[in-house]
Amino acid sequence: MIETSDTNKNKQKPVNAFWGNIFSRFKAAENITTMEVLKLCPLFQRLSSRELKKVAGIVYERSYQAGEYLFEKDQPGAAMFIIKGGMIKIIVPGKDGADAELATLSPEDFVGELALLDDTPRSASARAAERTEALAFFREDLNEMLETYPVIASKILRELSIVIGQRLKASNEQLYSKGIQHE
Amino acid sequence: MNEDMPGRKQGHPLILRADTRKKTRRIVFTITAVVVVLTVGFLVWSLRPIILPIIVGTFAAYICFPLLSLFLRIGIPRPAGILILFGAFFLAVMVIANQIGSIMPDEREWLVLRTRFQYKLNERYRNFMGLGESEQTGNIIYKYFGNDLNRFMDSINQVLHLNKEERLLFMKYRWGFQNKPRIKDRYYEYFLKNTESLRSEDEFKNGAFDEGKGKNGDLKKESNIAVVMEAIKLWIITPLVFLFLLIDDGEIKRFFVSLVPNPYFEVSLAVFDKVNGAIGNYLRGILIESLLVGISYLILLSIIGFELKFAVMIGLIAGIANAIPLLGPAIALAIGSSYALIAENVDSILPFITPDNLIIAVAACVLIVMIMDSALFQPFVVGGAVQIHPLAVFIGVIGGSILFGFAGLILAIPTIVVLKESISTLFRELKNYYII
């Protein structure tokens with residue numbers, strides 16, 4: 001089920017390396033800086049460079065091998081993960097024992113953002129599909145930021161609210177469309 | 001054996017199978033862990049003189065972290081905030097050191113205090129046991145327990161007796177030495193009484209009293225400069241630890257978290273944060289509680305007629321000793337009673353307190369502070385403090401003092417609290433994360 005690291009790397013390589021480098025929003029994981037990744041993440045889009053630097057100072061860089069879990073379903077959430085390089089799959093254990101894949105996330109995407117609000121159990125697992133570099137943003141660091149740099153923290157929380165609202169809307173729409181199909 | 005390892009047979013680099021690699025990794029981890037634990041243990045034991053200065057610096061930094069956050073919140077830049085806190089810390093250390101230096105008894109006062117204490121203790125013992133000048137048989141308590149109590153008093157007297165050099169020095173101060181005021185006649189009489197037996201057995205035989213008369217008999221072999229330099233060498237670490245911990249913007253935490261394997265990453269963050277919060281709250285709570293206890297002693301002892309200098313000194317010691325549950329009040333009672341024992345006259349605002357009942361007044365003060373501590377300070381300041389079993393308190397305090405002396409005595413309980421909180425949080429979180 002999990003693709004090998006080499007296959008994915010080949011898939012991601014742009015056809016024309018020259019134009020690819022100019023127009024692509026992403027660089028290779030090893031070249032892109034933490035600041036650049038954060039800038040691409042919707043949660044931090046409204047932050048100035050100075051503010052981003054503060055956030056870059058408190059995130060944790062983690063490296064995962066293919067098949068390693070970033071977090072597992074039902075564990076309490078403590079951090080949100082922003083993908084710097086590689087690819088992760090969001091999975092839930094199916095009734096038959098096989099994992100059901102809900103989504104595949106690539107660089108710039110983020111996952112586990114609800115952990116920034118409280119430590120309720122994760123609703124799904126996140127597993128690296130290939131060698132993945134991720135940035136972990138810890139809830140307690142955000143809480144501390146609310147005390148020390150309230151302007152930065154409130155900007156992040158505002159964007160987080162927007163993202164959660166959008167996801168809620170999308171879920172409602174899915175439920176609605178499923179309801180219509182059943183009828 | 002080599003048949004399983006074709007790589008080695010063919011001269012290629014050795015390639016280990018997955019299970020062998022796992023086993024090798026486990027062995028390497030175990031050996032590394034053992035080496036690290038032994039090295040840390042060896043370093044802690046070898047460098048134990050600097051443990052107290054380091055802990056004091058860390059403790060001060062922990063207390064200042066919320067202040068630094070407050071500075072940042074009100075818009076003071078981090079470097080300026082650190083500078084303000086460091087300046088305040090340095091100033092506080094200087095003022096406290098100066099104040100302690102001024103209230104601590106000097107060599108002359110120390111000799112007089114010991115002489116007074118020994119004399120008064122023996123006098124009160126004789127009175128209590130009914131061993132006046134005329135009646136030598138003693139009261140009923142003395143009849144039953146006299147032999148044991150005498151042995152106990154002998155051992156106390158052994159500790160309190162001034163040795164030969166100290167006696168010579170006392171005599172010098174008696175006649176005026178180093179521009180210090182002469183020792184009062186009354187205390188000289190105490191001295192003569194205390195040294196009665198010794199003089200008859202020892203010094204008159206050797207003529208030590210006469211020998212000492214022309215000598216420069218300072219007790220200290222080391223010069224004052226050497227002592228101060230030694231103290232500075234050790235305690236210079238404290239402000240440095242304080243400063244570097246304030247400057248550190250999470251780098252130490254990030255370093256240790258980076259060592260944690262991925263499956264334990266989130267749980268390590270959760271544990272670190274909860275332990276950090278609990279320890280910070282405990283340390284800040286205990287500091288404020290100790291401060292309140294110290295101030296309470298200062299006020300109450302001043303009311304019952306203690307000299308301000310001694311009230312401050314006892315308040316300070318009782319405040320520090322308050323970090324030791326159960327034993328703190330006992331230490332306060334012991335020191336307060338010792339002073340009450342030697343008090344010649346009492347200048348209390350309460351007219352019924354005399355030198356004879358001063359010990360009872362001290363006991364009442366300790367009781368009042370204990371009630372205030374448990375009814376007011378602990379619930380409102382320390383809050384849900386970590387509870388430790390009394391047995392753990394005693395073993396910790398005795399073990400700490402055997403291993404690390406005075407520092408171990410004071411720091412044993414905070415260390416046990418920190419360990420208890422860390423271990424319980426670790427196991428709780430590991431369970432929450434279904435790791436165990």
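The largest nonpolar core in this predicted model has 48 residues, and those with the most contacts inside it are A:A79, A:F81, A:I82, A:I88, A:L135, A:A136 and A:F137. A nonpolar core here is a set of buried Ala, Val, Leu, Ile, Met, Phe, Trp, Tyr and Cys residues joined through C-beta atoms within 7 Å. Helix α14 (residues 265-303) of chain B gives the most to this core, with six residues. Residues are numbered from 1 along each chain as its sequence is written, while chains are lettered from A and ligands numbered from 1 in the order in which they are written. Because this is a predicted model, local features need pLDDT of at least 70 and side-chain atom pairs count only at pLDDT 80 or more, whereas totals for chains, interfaces and linings use all residues.

**Cores**

- A:I82 touches A:V37, A:C41, A:F110, A:A134, A:L135 and A:F137, leaving aside residues up to four places away in sequence; two residues are in contact if their C-beta atoms, placed from the backbone, lie within 7 Å.
- A second, separate core has 40 residues, including B:L301, B:F306, B:I314 and B:A340.

**Strand β8 of chain A**

- Seven of the seven residues in β8(A) are buried, where buried means 20 or more other C-beta atoms within 10 Å of a residue's own, exposed means 12 or fewer, and partly exposed lies in between, with C-beta atoms placed from the backbone.
- A:T132, A:A134, A:A136 and A:F138 point one way from this strand, and A:E133, A:L135 and A:F137 point the other way.
- β1(A) runs antiparallel to β8(A) and is joined to it by five bridges; strands pair if DSSP finds at least two bridges between them.
- Within that pairing, A:Y64 has A:T132 as its bridge partner.
- Strand β3 (residues 79-85) of chain A is also antiparallel to β8(A), with six bridges, and A:I83 stands opposite A:A134.

**Where the chains meet**

- Chain A brings 18 residues to the contact and chain B brings 16 residues.
- On the chain A side, β1 (60-64), β8 (132-138) and α5 (139-148) each supply at least two residues.
- That side of chain A divides into eleven nonpolar, three polar and four charged residues; Ala, Val, Leu, Ile, Met, Phe, Trp, Tyr, Cys and Pro count as nonpolar, Asp, Glu, Lys and Arg as charged, and the others, Gly among them, as polar.

**Chain B overall**

- Chain B has 18 helices and zero strands; helices (H or I, at least four residues) and strands (E, at least two) are DSSP runs, numbered from the N terminus.
- Of the 436 residues in chain B, 22% are buried.
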